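Subject: Handover of a structure and the findings from it

Dear colleague,

Please find below the structure that I am handing over to you. I would ask you to keep it open while you read the notes that follow it.

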Amino acid sequence: MEPQTKEVTLQSKAKDFASDLKMFTGTSQYFQHPLVHNFKYTDGTRFFFNHCAGGAHWFKDIVATEIVDLMEIHDFLVIRLQVDNGKAEIEATNGNENRILYSKKIAYTDAYPGTWEFYMQNMVFFLPSEY
């Protein structure tokens, strides 16, 4: 497959995936991280972890082990995963300021390209549509 065709297909899949995520409003149950028991996530974020291209469980692990400690200081977090050209950057803010509280670059990912936004409150990680 031509590189340009592959990129168009990936963009199309990312757009369809973003539409799928918008279907999640609220959650029917909470899921617990296997190692960080006080970190919980919703149906929508579980769908993201399981179906974002080849899966994004690595993102769940980073949030649960590196970002979750910010909840001790902040009541609410906005977490963005920016994916472009097979690389990613994760940023967390308190949602009210432009001050970045956490940032990490990921050298390689097969996650769909785009900016994926999530919220965290009361140790629960969720999609904006689930707020």
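A residue is called buried when its relative accessible area is under 20%, and exposed when that area is over 50%. At 7% relative accessibility, Phe-126 therefore counts as buried. Please bear in mind throughout that this is a predicted model.

Phe-126 belongs to strand β7. Apart from neighbours within four places in sequence, the residues in contact with Phe-126 are Thr-42, Thr-45, Phe-118, Tyr-119, Met-120, Gln-121 and Tyr-131. Thr-109 is 17 residues from Phe-126 in sequence, and the C-alpha atoms of the two are 21 Å apart in space.

Glu-130 is located in the segment after β7. Is Glu-130 buried or exposed? Its relative accessible area is 10%, so Glu-130 is buried. When neighbours within four places in sequence are left aside, Glu-130 is in contact with Phe-24, Thr-25, Gly-26, Thr-27, Thr-42, Asp-43, Gly-44 and Thr-45. Between Glu-130 and Asp-84, which are 46 residues apart along the chain, the C-alpha separation is 25 Å.

**The sheet**

In what order do the seven strands of the open sheet stand? The order is β1-β2-β7-β6-β3-β4-β5, and the pairing is mixed. Strands of a sheet pair through backbone hydrogen bonds, either parallel or antiparallel.

- β3 (residues 76–84) and β6 (residues 114–121) pair in the antiparallel sense, over eight bridges. Opposite Arg-80 stands Glu-117 in β6.
- β3 and β4 run antiparallel and are joined by seven bridges. Asp-84 has Lys-87, in β4, as its bridge partner.
- β4 and β5 run antiparallel and are joined by five bridges. Ala-92 has Tyr-102, in β5, as its bridge partner.

The hairpin of β3 and β4 has two residues between the strands. Asn-85 lies in this loop between β3 and β4, and has a positive phi of about 55° although it is not a glycine. Asn-85 counts as exposed, because its relative accessibility is 64%. A second residue to look at is Met-123, in the loop between β6 and β7. Met-123 is not a glycine, yet its phi is positive, at about 65°.

**Helices α2 and α3**

Helix α2 (residues 43–51) packs with helix α3 (residues 57–67) at an angle of about 130°, and the axes are 7 Å apart. That angle makes α2 oblique to α3. Which residues make the contact? From α2 they are Phe-48, Phe-49 and Asn-50, and from α3 they are His-57, Phe-59 and Lys-60. Sorted by class, the contact has three nonpolar, two polar and one charged residues.

Helix α3 also packs on the sheet, where it touches β2 (40–41), β3, β4 (87–93), β5, β6 and β7 (124–126). The direction of α3 makes about 150° with that of β5.

**Aromatic pairs**

How many aromatic pairs does a search of the whole structure find? The search finds 24. A pair of aromatic rings is described by the distance of the centres and the angle of the planes.

One of the pairs is formed by Phe-48 and Phe-59, whose ring centres are 6.1 Å apart. Their planes stand at 65°, so the pair is edge-to-face. Phe-48 is in helix α2 and Phe-59 in helix α3, eleven residues apart, and the pair links distant parts of the chain. Phe-48 is buried, with a relative accessible area of 0%, and Phe-59 is likewise buried, at 0%.

Phe-49 and Phe-59 form another edge-to-face pair, with 6.4 Å from centre to centre and 65° between the planes. Because Phe-49 lies in helix α2 and Phe-59 in helix α3, this pair ties together parts that are ten residues apart in sequence. Phe-49 counts as buried, at 1% relative accessibility.

Yours sincerely,
Your colleague

How values were computed:
Residues numbered from 1 in each chain as written. Predicted model: local features only at pLDDT ≥ 70, side-chain atom pairs only at ≥ 80, totals over all residues. Heavy atoms only, no water. Axes fitted to C-alpha atoms, helices over the stretch in contact; angles between N-to-C directions. Helix = DSSP H or I, 4+ residues; strand = E, 2+ residues; numbered from the N terminus. Parallel < 35°, antiparallel > 145°, perpendicular 65-115°, else oblique. Contact = heavy atoms within 4.5 Å. Nonpolar A, V, L, I, M, F, W, Y, C, P; charged D, E, K, R; others polar. Phe/Tyr/Trp six-rings, centres within 6.5 Å; stacked < 30°, edge-to-face > 60°. Buried < 20%, exposed > 50% of the residue type's maximum accessible area, 1.4 Å probe, protein only. Pairing = 2+ DSSP bridges.
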